[in-house]
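Please read the following report alongside the sequence and the coordinates. Its headings cover confidence, a sheet, a single residue and the ligand surroundings.

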Amino acid sequence: MTQNPPPAPVLRGAPATNGHLSGAPMHVRGTTAFPIGQELLRNPTLNKGTAFTEEERDALGLRGLLPARVDTQDLQVLRVMDNVRSKTTDLEQYNYLIGLQDRNQTLFYRVLMDNLTELMPIIYTPTIGLACQEYGHIFRRSRGIYISDRDRGSIAKVLANWPVDDVRVIVVTDGERILGLGDLGANGMGIPVGKLSLYTACAGVAPSLCLPVMLDVGTDNQALLDDPLYLGLPHRRLRGAEYDAFFDEFMVAVRDRFPGVLVQLEDFGNANAFRLLEKYEDNACVFNDDIQGTAAVSLAGLYSAIRAIGGRLSDQTIVLYGAGEAAAGICGLISHAMQHEGLSESDARARLWMMDSKGLVVKSRSGLAHHKLPYAHDHAPLLDLLSVVKDLKPTAIVGASSQTGAFTPEVIQIMAANNDRPIIFSLSNPTSQSECTAEEAYTHSNGKAVFASGSPFPNVTYDGQVLHPGQANNAYIFPGVGLGTIVSRAKHVTKEMFYVAARTLADEVCDADLALGRIFPSLERIREVSLKIAIAVARVAFDTGLATIPEPEDLGSTIAAAVYKPEYHSYV
Ligand code: NAI
């Protein structure tokens, strides 16, 4: 029996490409010898649990540390899913899955990839919302990097503690606007962790290339400040120039530590979100998923809905209920898409309306935020959605307000009276914040609505017909956009990239989907779809000179060969 440590694993069988997305652990600094025995079992990136072979058990000091039978990964998946399904609450399922991620990362991703439709609502919205609310209470093991305002002046040192040098994508939040739940402070870390799990599960970006970051600048949530188990800094939020300097230091430190890394901004409050995006989008590889990812998935949904009901995007009149990050992003991208159809920018904008908590956004209102101005048209003030729907006769209403029940039966009835097939998207998350449920949309429109929501709703049987609500899940977009950006090593992420991502996603919806009322492809196909989006996005990067590496001969097969697969590699 030999106890000699074997060579570093995973590279074996992993494709060697300049994309190098398989994420070999050779980049882990400070690891000299390959771990053996208990240390190996406690290493989540290398652990295979009961699937260690007889030879590995002999060679790696594992004899006796595991039950005698050697499992296949398939059997392990079966055991995990048995356990998941035996849990009585979604939060217990979440905890169990995070526990698995902490023990055996390969198995976690295999389970997630094989059961994405079932597990996405656990790993992401809606359950992630609950997990974030409870984060301080359910916390077991730290994941990612926490940078607090106490680290001002030494953020580079904090980033130096991350053991992996080759990080390609960072998802960062300051926790101020978590889903539609508001300020959850440092508890918001669940969001970057969850989104990066989806980068791996949906687009095959290796876990080692992903870094979740929480910028803990305090919280204005009094309940958290009063909670002894809250894990963040117990003071009010840093604001103004101090915040900006802190964020700037973070961006510089990130650029120096991980040159060329993609930074996805996530769940920032809207005052910061717009400003930060504007400041960095032209000088770093940055995008904001709440603004741009949401826009792309919504545009894709609109394309499919319009395909189902006939007409063109540029014929639509669309009211955005909510005038924040999601709404501004959606309006900006729809306007871009209408210009692709030949409309001028001003004609495109004229078809788009916004409502906020003060009513219809109109020109005569003073003090309107910068992002609302392009959609503030000449019109008499209107205070409520019902009046707006009666007056403007929109073909589509899109809810992004976190106002539960804002799409009242009367609003939906008027939409159905004015349109053969009204488009009703109720995007607010989690489910409890939705402007209306799928059932309400179908029932009050007599089954005519083309409906999509932010969090998933079950199918609805209306008048003997099974209707399939769409989920405008950003996970259809950001992993593919991220992968396309990473493989092309793009300098920036552009509006055109989100436009092609939306087009590609919409093209993946087949007539059979539309016949069932589905306006997004099945989640079962998300890996295939993400790959197509990545290719389209990388193509934009290469064609527009934003890519910083030479274009591979066959872009598609290069990307496909480079992605991470949750397979065990032999260590002996
Ligand atoms: P935000 O905080 O930037 O914007 C919220 C907007 O709602 C603000 O403009 C506010 O004025 C408006 N609002 C508040 N009360 C209102 C009322 N009574 N009537 C009309 N408008 C009102 O938030 P953000 O990022 O725009 O997100 C909004 C919602 O959309 C959240 O629930 C979020 O989870 C959801 N969302 C859904 C996505 C998806 O389905 N794929 C993606 C991103 C966000």
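The report begins with the basis of the model and then turns to its parts.

## Basis and confidence

This is a predicted model, in which local features need a pLDDT of at least 70 and side-chain atom pairs count only at pLDDT 80 or more, whereas totals for chains, interfaces and linings use all residues. Residues are numbered from 1 along each chain as its sequence is written, and side-chain values use heavy atoms, with hydrogens and water left out.

The protein chain has an average pLDDT (the predictor's confidence in each residue, from 0 to 100) of 93, and 94% of the residues score at least 70. Residues 1–20 have a pLDDT below 50, and this stretch has 43 contacts (heavy atoms within 4.5 Å) beyond near neighbours in sequence in the model. The pLDDT is also below 50 over residues 24–28, a stretch with 13 contacts beyond near neighbours in sequence.

## The parallel sheet

An open sheet is formed by 5 strands in the order β1-β3-β2-β4-β5, with parallel pairing. Strands (E, at least two residues) and helices (H or I, at least four residues) are DSSP runs numbered from the N terminus, and two strands pair if DSSP finds at least two bridges between them. At the edges are β1 (145–148) and β5 (286–288), each of which pairs on one side only. On average, neighbouring strands of the sheet are turned by 25° against each other, direction ignored; axes are lines fitted to C-alpha atoms, for helices over the stretch in contact, and angles run from 0 to 180 degrees between N-to-C directions.

Strand β2 (residues 169–173) runs parallel to β4 (residues 262–265) and is joined to this strand by 4 bridges; V171 has Q264 in β4 as its bridge partner. Across β2, β3 (210–216), β4 and β5 lies helix α10 (residues 190–203), which runs at about 165° to β3.

A51 is located in the loop between α1 (37–41) and α2 (54–59). With a relative accessible area of 9%, A51 is buried, a term that means under 20% relative accessible area, with exposed over 50% and partly exposed in between (1.4 Å probe, protein chains only). Not counting residues up to four places away in sequence, A51 touches E56, V70, D71, Q76 and Y568.

## Around the ligand

A backbone N or O atom of A323 lies 2.9 Å from an oxygen atom of the ligand.

Definitions and conventions
A polar contact is a pair of N or O atoms within 3.5 Å; within protein, one must be able to donate a hydrogen and the other to accept it, and residues adjacent in sequence count only if both atoms are side-chain atoms.
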